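Subject: Structure handover

Hello,

Here is the structure for you to take over. My notes on what was found follow below it.

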Amino acid sequence: FCEGRKNSMDVQIFNIIFPTYTIKPVGTCSDVINFTKAFNKIDNTYAKAYGIIDRDYRDQAQLDKLMSENVFSYDVAEIENVFLDDAFLTQYANYKKEVVDVSVIKERVIEHLSRNKAIQASCYVSARINHLFNESHMSVGNTEYEVSQNFSSFISNVNVHEWYTERVLELERIIDNSDYRQAIRVFNNKGLHRIVESVFGIVPGSFRTKALAFLQQSIEAQSVIRELFPSPL
């Protein structure tokens, strides 16, 4: 099970790199988690379900918990980022017979992350709050006072300033170290492909389609992308 709908980018990539699996898009990440859990509860000796979701700002503890339930994420922030893998970009440049310095793309992505640091940290905090509310439950109260107390206790787990500061420091470390691998792992920004298009000199908005076509025909590229997924898959 994966996010998206029929013929979405997720589905097209997974059909290429996991040809022995039946790929079923079911909508949101919550849908993927629920479908996977429900399917694996069925007494079924013929098939096993796996879920694949975006990292979506989840921390490692959340990802580990999901893995124990057969739900996995890939080693980039969102599915579009698999095409930003530097080894994939190098192979694509060779395929197009173009002399392209991939390091320029990497530098520009880091620069773009630096300019968007505050937005990225804010999105991280918002997502973390959503995950907390989705995955936790407030204790039941028998009186209005108890409900109020339980609610206060529940929201005390939210520390916007602390989480924001921690995320900014993490992003600054990535930026200062020019850690491209970590950048595409945490940077949720669908506009990053425009950087690739600019460096390669291709029509804006066309890289996804071109990259997908290349992935379809290149066994080597498929191996590179598959490395971004957990070994159980």
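The second largest pocket holds about 300 Å³ of space. Lining this pocket are 14 residues, of which Phe 1, Thr 22, Lys 48, Ala 49 and Tyr 50 are the closest to its centre. By type, the lining of the second largest pocket has 11 nonpolar residues, one polar and two charged. Please keep in mind that this is a predicted model.

The largest pocket has about 410 Å³ of space. Its lining counts 18 residues, and the closest to the centre are Ser 30, Ile 33, Arg 58, Asn 134 and Glu 135. Helices H2, H3 (60-67) and H6 (117-135) are the elements that give two or more residues each to this lining, with H6 providing the largest share, seven residues. The lining of the largest pocket divides into five nonpolar, seven polar and six charged residues.

Helix H2 spans residues 29-41 and includes Thr 36. Thr 36 counts as buried because its relative accessibility is 0%. Beyond its neighbours within four places in sequence, Thr 36 contacts Phe 1, Ala 49, Tyr 50, Gly 51, Glu 69, Asn 70 and Val 71.

Finally, a pair of helices. The axes of H11 (residues 207-217) and H12 (residues 219-226) come within 5 Å and cross at roughly 105°, which means that H11 is roughly perpendicular to H12. On the H11 side, Phe 214, Leu 215, Gln 216 and Gln 217 take part in the contact, and they meet Ile 219, Ala 221, Gln 222 and Ile 225 of H12. Five of these contact residues are nonpolar, three are polar and none is charged.

Regards

Key:
Residues are numbered from 1 along each chain as its sequence is written. This is a predicted model: local features need pLDDT of at least 70, side-chain atom pairs count only at pLDDT 80 or more; totals for chains, interfaces and linings use all residues. Side-chain values use heavy atoms; hydrogens and water are left out. Axes are lines fitted to C-alpha atoms, for helices over the stretch in contact, and angles run from 0 to 180 degrees between N-to-C directions. Helices (H or I, at least four residues) and strands (E, at least two) are DSSP runs, numbered from the N terminus. Angles under 35 degrees count as roughly parallel, over 145 as roughly antiparallel, 65 to 115 as roughly perpendicular and the rest as oblique. Contact means heavy atoms within 4.5 Å. Ala, Val, Leu, Ile, Met, Phe, Trp, Tyr, Cys and Pro count as nonpolar, Asp, Glu, Lys and Arg as charged, and the others, Gly among them, as polar. Buried means under 20% relative accessible area, exposed over 50%, partly exposed in between (1.4 Å probe, protein chains only). On a 1 Å grid over the protein atoms alone, a cavity is a set of points where a 1.4 Å probe fits but cannot get out, and a pocket is an open set with protein on both sides within 12 Å along at least five of seven lines; lining residues have an atom within 4 Å of a point. Grid points are joined across faces, edges and corners, and a volume is the space filled by probe spheres set on the points.
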